[in-house]
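The structure is shown first.

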Amino acid sequence: MNFIDAHLLSLILFVPALAAVIILFVPAGENKLFRWFALAVSLIPLVLSLIVWFRFDANQPGFQFEEAYVWYPAIGSSLHLGVDGLSLTMVLLTTLLMPLGILASFSIHDRVKPYMMLFLFLETGMLGVFLALDLLIFFVFWEVGLVPMYFLINQWGSANRNYASLKFLIYTMGGSLGLLLAIQMLGVLFGTYDLLTLYQRWNSLNPANTLLGLPVHTVKTIAFWAFAIAFAIKVPIWPFHTWLPDAHTEAPTAGSMILAGVLLKLGAYGFLRLILPLYPAEAKIFAGVLAFLATAAIVFGALASYAQTDFKRLVAYSSVNHMGFVVLGIAAAGLASGTLDANIALNGAILQMFNHGLSAAGMFFLVGVIYERTHTRNLEEFGGLFPLVPIYGGILIFTSMASLGLPGLNGFISEFLVVRGSWPILTLYTVISMLGLLFTGAYILKGIKKVLHGPLNEHWAHGEHRLTEISTREILVMVPLIGLILWIGIWPAWILNVINKAVVMLF
Amino acid sequence: MNFPVLSIITFTPLVAALLILLLPAERKNEARAVALAAAIFALILSIWVYFSYDQSAAGYQFIEKYNWLPMLGISLYFGVDGISTPLVLLTGVVMFTGVLISWGDDNKHVMAGIQDRPREFFAFLFILAWGVFGVFVSLDLFMLFFFYEIAVFPMYLLIVIWGWAVTREYAAMKLTLYLFIGSVISLVGVIAMYWVAGQNTGVYTFDMLQMENAGFSQAFQNIWYLPVFLGFAVLGGIWPFHNWSPDGHVAAPTAVSMFHAGVLMKLGAFAALRVGIMLLPDGAKYWSWLIMLFAAVAVVYGAYIAFVQMDFKYMVGFSSVSHMGLVMLGFSTLNREGLLGSGLQMFSHGVMTALFFAVVGMIYDRAHTRQIPELGGMSKIMPFATVGFIIGGLVSMGMPLFSGFIAEFPIFLGVWGRQWLVAVIASISIIITAGYIMRNIRQVFFGEVPEKFEGHLTDITILDKVAITTLCLFMIIIGLFPGFMVPMVQTGVENILRLLGGA
């Protein structure tokens with residue numbers, strides 16, 4: 001037990017990758033075994049991260065459960081892990097969605113072995129970003145997570161997968177090129193990548209000095225944008241979002257769940273972990289730009305979503321819309337760092353990350369459930385399905401309402417906190433985004449209407465096309481999501497307590 | 001160290017080559033067996049050298065010195081440092097895997113490996129390997145040059161006899177002339193250095209450790225650095241003298257391409273480092289801007305040219321130009337990070353490109369075409385090779401947790417230390433590389449198998465799998481645990497920095 005206690009974070013991080021390596025040595029063909037093994041293994045990080053969650057002392061400033069190992073001393077990088085309230089929330093979200101994603105993938109029959117391996121590698125990649133306290137390690141995992149996702153989309157995706165996966169990869173890699181260069185510059189300047197050291201030394205640079213022949217503030221501005229664009233593409237912030245609808249739509253169901261549930265959070269997490277602490281001055285100067293883009297994402301995301309006829313694309317654009325609120329909260333916090341309003345906005349942003357993780361994963365899964373049965377995602381081909389699949393319909397409406405932000409469910413809490421916090425700071429943008437919420441309601445109702453209500457499409461009612469009800473396994477995927485959506489909606493204090501203390505201490 | 005391990009490693013291929021030539025021509029399997037045994041022997045010894053190199057003591061180790069032509073100051077003087085030890089290991093690995101994938105099989109209709117005169121093939125290949133080992137371990141400038149020429153010449157025969165029939169005469173001639181011209185120009189510089197060092201110190205010797213202290217004047221170094229460095233760097237594929245390399249790679253049979261891109265290009269870079277930078281450090285400083293310019297062009301332009309290739313092997317050939325450009329870029333920084341990265345990149349690229357050429361060869365042997373648009377669905381036929389190529393591709397893209405990242409990252413750090421703009425420009429190549437690698441993986445390995453290949457193609461052999469696994473292992477180990485190689489290369493870099501005056 002001592003070993004486990006002392007290495008909780010590295011176990012969370014590396015157990016999935018180790019399991020993937022074990023799968024490698026099992027001969028292919030044992031599909032059932034691979035599925036259950038992957039599911040069982042993905043529960044280990046969940047249990048461990050719950051242990052961390054309960055042992056975590058929210059009142060203590062700084063990082064906890066820190067571990068540091070020698071990795072690449074020649075350039076000053078070490079495998080330094082640690083969690084605070086912010087990263088712990090994200091770790092929990094990841095470890096929670098992973099088993100659900102694997103359970104959702106039980107319907108994959110084609111090449112189960114590599115699929116499960118990639119999925120487990122993906123988990124390690126994403127967790128590494130959240131756990132890293134070393135800038136280079138952060139980047140390492142940031143990049144590594146791309147590869148499994150690329151192949152998941154490229155190999156198990158739907159018709160247009162080649163285009164979507166390459167676009168996803170090139171967009172994200174292109175975005176992280178600036179990040180890479182900026183990280184290299186920081187490394188050359190300070191000879192270390194340790195985040196805690198960098199926070200301190202980068203911010204204490206004398207603005208009157210020059211760096212690389214340029215004034216410090218110019219260098220910082222360029223580096224700020226290098227970071228910001230990399231993360232903006234990942235979030236994605238309008239107008240960098242165009243990879244998202246393609247990737248989400250073409251990915252296999254569980255891939256979309258994780259893509260929307262966790263991968264988008266990596267970008268927002270980058271803003272919170274790196275940009276706000278490293279570039280407080282620049283974040284303040286450019287908060288207006290960010291807020292503008294966030295508002296555009298909210299409004300245009302909702303409008304674009306309304307215009308879709310493909311159910312999955314509709315949900316995909318809703319991610320752009322919802323992640324806009326996260327960025328709005330971040331922009332407000334950048335502009336008025338340290339004030340009460342800013343903290344409220346940040347609380348909302350972080351909670352919104354968690355909430356969107358739950359509801360988007362749920363929505364994508366539900367789209368997948370109906371797609372597996374009908375092999376179409378075209379909204380025009382559905383209609384009036386509620387009587388055929390009452391349980392599915394109920395779950396779909398419930399999850400949609402969470403996404404819409406119905407009071408009593410989780411989305412309402414976080415969006416309310418964001419707009420409450422940013423109202424005094426960015427009043428105009430907040431007003432416009434709240435009007436954007438109207439469109440959110442519109443597209444969600446449109447989705448429900450086209451699928452469940454209206455005249456029944458007789459095609460699905462009889463014979464071999466008779467739509468079957470959601471299965472027990474599929475309900476099992478939804479149960480934890482529904483539970484958390486309700487729980488946070490009714491009594492958010494348990495999670496906000498951790499988030500709020502982290503926010504107060506960090507910013 | 002009493003046990004003359006370096007000479008044994010160096011002369012093992014020569015002895016094996018002679019033994020193979022003594023066999024009757026029709027005893028193909030015996031020739032192959034002798035080759036494999038010798039390759040395994042050399043590999044084990046080079047692994048042993050790698051792990052028994054004392055990193056805390058650093059400097060040149062396993063030193064051996066025998067008089068060869070004392071009146072001219074020439075001796076058979078062997079020793080390895082932190083830069084050359086990994087390269088000896090690399091040569092061992094590529095030799096071993098190269099023999100495995102050339103094994104061939106006379107009983108099957110699949111024309112994989114070398115069936116035509118394997119006896120001569122392995123003999124020439126091993127003479128080449130002899131020269132390569134010799135260059136990496138020589139501490140005597142004359143001997144270095146001697147082995148350098150030995151390594152270049154068998155290339156001509158190997159390409160012209162066993163190469164791709166369409167371009168082999170042209171490519172072999174082009175390659176050999178390019179490299180000979182380069183080395184002759186270097187030789188002129190070497191002779192000049194010999195005379196001036198002799199005049200300065202009164203001792204006429206080719207001993208490089210003594211020549212390091214010969215006190216070449218700044219003017220002398222400024223004049224001779226470029227011919228010496230560039231003459232060797234031609235073999236390293238430096239832009240604008242890279243033109244021979246893709247042609248040569250494409251025309252060569254698989255194992256020779258592996259040797260060529262995997263090891264021979266390192267030979268050029270290594271000789272340029274050892275003779276150019278280490279003996280003429282002030283010249284290196286004076287001209288570093290020009291080398292940086294050439295290298296930066298090679299990195300981006302090479303990647304771009306690779307991007308537009310339709311021939312699979314040409315694509316890999318040009319990607320080598322791009323990646324060797326990174327080695328040269330690291331050299332041009334003349335600082336700790338850049339040189340460290342170059343040292344690592346030489347090993348990393350060697351393993352990676354050997355893997356690339358091996359997989360390309362496996363596909364060509366079966367499909368008889370290398371046109372990317374004509375291929376497809378190879379993952380269904382050869383899943384193992386697919387995984388190998390993907391891992392190589394990730395290394396090539398500089399993906400973290402693989403050796404490429406570990407090597408390229410310090411190179412970029414080094415460039416930041418000199419001229420940040422070059423780092424920014426060179427980084428464009430990362431995206432281009434990602435583009436062509438991913439496009440090719442998708443086109444060649446996934447999708448549907450074209451109808452004309454349906455049922456004709458067979459999976460790779462077990463020997464091929466062993467070769468792929470060996471190469472992949474090194475890329476993954478270095479990526480996950482940089483400590484496997486970084487401290488070793490660091491000791492070599494410290495020595496170079498000392499010569500550069502602690503730059």
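Helix 13 and helix 19 of chain B are oblique to each other, a class that holds the angles left over once those under 35 degrees are called roughly parallel, those over 145 roughly antiparallel and those from 65 to 115 roughly perpendicular. The axes of helix 13 (residues 336–367) and helix 19 (residues 486–499) of chain B cross at roughly 130° and come within 9 Å. Axes here are lines fitted to C-alpha atoms, for helices over the stretch in contact, and angles run from 0 to 180 degrees between N-to-C directions. The crossing of helix 13 of chain B with helix 19 of chain B is right-handed, a term used if the near helix is turned clockwise from the far one by less than a right angle, anticlockwise being left-handed. Helices (H or I, at least four residues) and strands (E, at least two) are DSSP runs, numbered from the N terminus.

On the side of helix 13 of chain B, the contact is made by B:Arg336, B:Leu339, B:Leu340, B:Gly343 and B:Leu344. Their partners in helix 19 of chain B are B:Val486, B:Val489, B:Gln490, B:Gly492, B:Val493, B:Ile496 and B:Leu497. Contact requires C-beta atoms, placed from the backbone, to lie within 7 Å. The contact of helix 13 with helix 19 of chain B has eight nonpolar, three polar and one charged residues, where Ala, Val, Leu, Ile, Met, Phe, Trp, Tyr, Cys and Pro count as nonpolar, Asp, Glu, Lys and Arg as charged, and the others, Gly among them, as polar.

The model is predicted: local features need pLDDT of at least 70, side-chain atom pairs count only at pLDDT 80 or more, and totals for chains, interfaces and linings use all residues. Residues are numbered from 1 along each chain as its sequence is written, and chains are lettered from A, with ligands numbered from 1, in the order in which they are written.

Helix 15 (residues 311–335) and helix 16 (residues 340–374) of chain A pack at an angle of about 170°, their axes being 8 Å apart. Helix 15 of chain A is therefore roughly antiparallel to helix 16 of chain A. Residues of helix 15 in this contact include A:Phe311, A:Val315, A:Phe325 and A:Ile330, while those of helix 16 include A:Leu346, A:Met353, A:Phe364 and A:Val367. By class, the contact of helix 15 with helix 16 of chain A has 17 nonpolar, six polar and one charged residues.

Chain B as a whole contains 19 helices and two strands. Its C-alpha trace spans about 70 × 55 × 40 Å along the principal axes. Among contacts in chain B between residues at least 6 apart in sequence, 80% join residues at least 24 apart.

One buried position is B:Ala255, which has 30 C-beta neighbours inside 10 Å and lies in helix 10 (residues 254–279) of chain B. Leaving aside residues up to four places away in sequence, B:Ala255 touches B:Gly98, B:Ile101, B:Ser102 and B:Leu125.

Between the chains, 26 residues of chain A are in contact with 27 residues of chain B. Helix 8 of chain A gives the largest share of the side of chain A that touches chain B, 13 residues. By class, that side of chain A has 19 nonpolar, six polar and one charged residues.

Most residues other than glycine have a negative phi, and most peptide bonds are trans. The table lists exceptions.

| Site | Backbone feature | Value |
|---|---|---|
| A:Trp238 and A:Pro239 | cis peptide bond | omega about 5° |
| B:Trp239 to B:Pro240 | cis peptide bond | omega near 5° |
| B:Leu334 | positive phi | about 55° |
| B:His368 | positive phi | about 60° |

A:Pro239 is placed in the loop between helix 10 (216–234) and helix 11 (243–250) of chain A. B:Pro240 lies in the loop between helix 8 (218–233) and helix 9 (244–251) of chain B. B:Leu334, in the loop between helix 12 (312–333) and helix 13 of chain B, is buried, with 22 other C-beta atoms within 10 Å. B:His368, in the loop between helix 13 and helix 14 (378–381) of chain B, is exposed, with 11 such atoms within 10 Å.

Technical notes
Contact = placed C-beta atoms within 7 Å. Buried ≥ 20, exposed ≤ 12 C-beta atoms within 10 Å, placed from the backbone.
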